[in-house]
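Hi there,

Here is the structure I promised to pass on. Have a look at it first, and then read my notes below.

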Amino acid sequence: MKMSRLKEMKNNSFPKVTMDDWVNAAEKALKGKPVSKLNTATYEGITRKPVYTEDDKNNHTSKQLIDKSDWKVSQQLYASTSFEEMNAQLKQELESGLQSIYFSTYPSMESHALLIKNQTDLKALLKDISLNDVALQIHAGASATTFINALIDSGMETKNLQGIIGADPVGELAATGKLKQPLEQYYDEMKSNIEWKENNAPHLKTVWVQSNAYHNGGANAVQELAVVMATAVEYLQALLNRGLSIDEASQEIAFTFPVGSDFFMELSKLRAARVLWANIVEAYGGDEKAQKMTVHATTSMLTKSNLDPYVNMLRSTTEAFSAAIGGADSIHVDSYQQGADAFSRRIARNTHYILKEESFLNKVVDPAAGSYYVEKLTNQLADEAWKLFQGLDKLGGIVEALRTNFLQDSLDEVKEKRLKDVQSRRKVLVGTNMYANLQEELKWQIGTKRVDDNEYAPIKVQAIQPLRLSEVFEILRYQAKVYQEKQGTSPKITLINLGLLPSHKPRTDFASGFFQVGGLQPIVSPSFEEAKEIVKWVSDQNITGFVCICGSDDTYEELLNAAVMAVNSPIRKILVAGFPEAARQKELQGIGVSDFIHMRSNCYEQLEKIHQEMGLTDYEA
């Protein structure tokens, strides 16, 4: 009997369903709205569909060249009080799973760079650390010469060194706006450093194209890919002009990509980068080995917040997940808070091992391959980035795009869209513009400005300024904190609730969350069903300042006008939770309402205005 049922089950199959069948079912669920209503637009100008099929397969699959599953555990070392202290930290972290020594050194766009000026500094940093079993990843700013000279003077054995001691003068120019010498001189140094490494450290790479300045300046994935490829071509051509072959030059270059919070877009970005690089090197005549790309990925600065910082752990985990599936050769997971201590660095390091040892991501080669969605997205990114790359080439290349501000202006357009989405909460930052925790202890972090003490610079462009999307809300919260410290009480806003609890609760909860992200403490009234109750409560509680009325549309019809008039006073300012039609707004404004908060509000702009009117902007941190 059981065998008969098993055979019957094996013979069963799902009925074949066409795309038209799916569309019909979806539109029925959407109550007649077209399926296209489920499409979403990305910052890259790409339209995401709700479903992808075999018709969306990627035609670049063979060019992706992802042939490994594991990645090196990398963690950036930041400047500390002494090189001896950093040496002790490195030893402890290498024992705890670190696989690559990664830091930035002078001159560098990094504000927390290690200023290694000579062999004494380097020997102190790497004392008693064997470099035979660990990779070096040294981002050397515009030139690797200072660091390589320190390495030579130290007398350390370099034959077995692996990793990158890499320069990126164009990336430095984009980030700082200046270079201390002409680009041709930096390219001459590149060539000299390659000659040294061929004889002394053959496993190193000495050119390291960084997309950090562009990513942290708000670039979308298409812009990031195009700019990185344009920079790499600039270096390729410079090295070819100095006598290297295409195979030699292309294998000298490594790449860094920060990975943001758009999971599928970011992993597709790394896959598309391999497609683009392979096409470029192939066009120059490079062989299959030369077409392979070395990719280092880092978690994004753009997405992190000083508010509710533990949430950064979760953001970094999804970003590292994207990087791993995207095929990164090494990944740096940054700590969840600035001024990282041993605990936060350990958590960041263990994120790798959760993804490796508990999620088994290091056991599968290119796990996203074959996904119709990922393949399509990879294809779209590669195609759009190639178009922009060709546009940059027509302008005269990456340096000319920076000189003319073409690149800066296009990045600013995307940056403004990102900021507007965060301010209006279409883009949610948990703990920052939604679900704020007013009980957390806030630590003011002063942003570090880049400093260049060289007044004369042969090349100057407009620097691409980095940002974190959370900064505007951080300023509101810190203003509220300083006000509280100086006044002895937190800034407050009173919520007046109309109708029964089930009817006003949705808007009461919305208003509470809305004001809390600005550091304003909601004082919630009882539920009122008559205007005279409001008059008495407001008088008894001595309510002054901002008041927000919350209730359902039905309750507003019968009680809102009376509530507004009950609250209206020169010592109070009235807001309403909701978005009535224009005529009704005008009517309410005529009897004392100053503004409305709702789902389509620019939350930041309204909170900033409230801060100004409360006098909180007088208490800048």
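Let's start with the contacts in the protein (contact means heavy atoms within 4.5 Å): of those between residues at least 6 apart in sequence, 79% join residues at least 24 apart. Keep in mind that this is a predicted model, where local features need pLDDT of at least 70 and side-chain atom pairs count only at pLDDT 80 or more, while totals for chains, interfaces and linings use all residues. Residues are numbered from 1 along each chain as its sequence is written, and side-chain values use heavy atoms, with hydrogens and water left out.

There are 22 helices and 17 strands (DSSP runs numbered from the N terminus: helices are H or I with at least four residues, strands E with at least two). Of the 621 residues, 53% are buried, meaning under 20% relative accessible area with a 1.4 Å probe, protein chains only.

Now zoom in on strand S4, residues 100-104, where five of five residues are buried. In a regular strand, side chains alternate between the two faces of the sheet. In S4 both faces are covered, with Ser-100, Tyr-102 and Ser-104 on one side and Ile-101 and Phe-103 on the other.

What are its neighbours? S4 runs parallel to strand S3 (residues 72-76), joined by three bridges (strands pair if DSSP finds at least two bridges between them), and Gln-75 stands opposite Ile-101. S4 also pairs with strand S5 (residues 135-139), again parallel, over five bridges; there, Tyr-102 has Gln-137 as its bridge partner.

Cheers!

Note on methods
Buried < 20%, exposed > 50% of the residue type's maximum accessible area, 1.4 Å probe, protein only.
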